[in-house]
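Dear colleague,

I am handing over the structure below, and I would be grateful if you could look through it with the notes that follow.

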Amino acid sequence: MRVFRGDAAEGPKVVYIAGNLDEKASFAQLRSEIAGDAEVVLDLGNLERMNSAGVRNWISFARDIPNDMRVVLVRCPVFFVRQISMVSRFLGGTEVGSLYLPFYCEACDDTDEALYDAAGLSVPLDLREVTCACGEPMAFDEIEENYLRFLKRQSASE
Ligand SMILES: [Zn+2]
């Protein structure tokens, strides 16, 4: 896992996490990068994969975020969103700002992902049509109630 800080001139500090969330991932570095700010944006768009050790480490990281601190996760990859919705403690003190939704084209068997703001989503999904490169409309490639289960939890805790 690589952790590096963006150079946002204004607004909350942006910290990027890239690579693999696994037993080698350095959460100590992540903790020290985000320490001291009231609000931090964590960009997860370049995470590649996560194993069970990574899940455990993430849960303890998320749990330990102080109550007076806001950590907003942006560009959450599909595998990460599945964990958020499957494991109730996964979000901890974080919240989802934006996430990728997976789409599938029946006509040509292609898949794609598109980025959405969590605030604009609800179940059942009401999305503008996503068009495949082949010209056919694409279908959402997960079960809405499962994939977006975290939305309910997130709005309940706000
Ligand atoms: Zn297609």
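Predicted model: local features only at pLDDT ≥ 70, side-chain atom pairs only at ≥ 80, totals over all residues.

Residues are numbered from 1 along each chain as its sequence is written.

Helices (H or I, at least four residues) and strands (E, at least two) are DSSP runs, numbered from the N terminus. Together with helix α1 (residues 27-34), β2 and β3 make a right-handed β-α-β unit, where right-handed means that, with the strands pointing away from the viewer, the path from the first strand over the helix to the second runs clockwise.

β3 also pairs in the parallel sense with β4, over five bridges, and there Val-41 stands opposite Val-72 of β4. These two strands and helix α2 (residues 52-63) make a right-handed β-α-β unit.

In the loop between β4 (70-74) and α3 lies Arg-75, which has a positive phi of about 55° although it is not a glycine. Arg-75 counts as partly exposed because it has 18 C-beta neighbours inside 10 Å; a residue is buried if 20 or more other C-beta atoms lie within 10 Å of its own, exposed if 12 or fewer, and partly exposed in between, with C-beta atoms placed from the backbone.

In helix α3 (residues 78-86), the buried residues are Phe-80, Val-81, Ile-84 and Ser-85. Seen down the axis of α3, they fall within an arc of 135°, so they line one face of the helix; the arc is that of the directions from the helix axis to the C-beta atoms.

Strands β6 (residues 98-104) and β7 (residues 111-117) run antiparallel and are joined by seven bridges, with Tyr-100 having Leu-115 in β7 as its bridge partner. They form a hairpin with six residues between them, and Asp-109 in the turn has a positive phi of about 70°. Asp-109 counts as exposed, because it has 9 C-beta neighbours inside 10 Å.

Finally, a cis peptide bond, with omega about 0°, joins Val-123 and Pro-124, and Pro-124 is found in the loop between β7 and β8 (139-140).

Conventions
Pairing = 2+ DSSP bridges.
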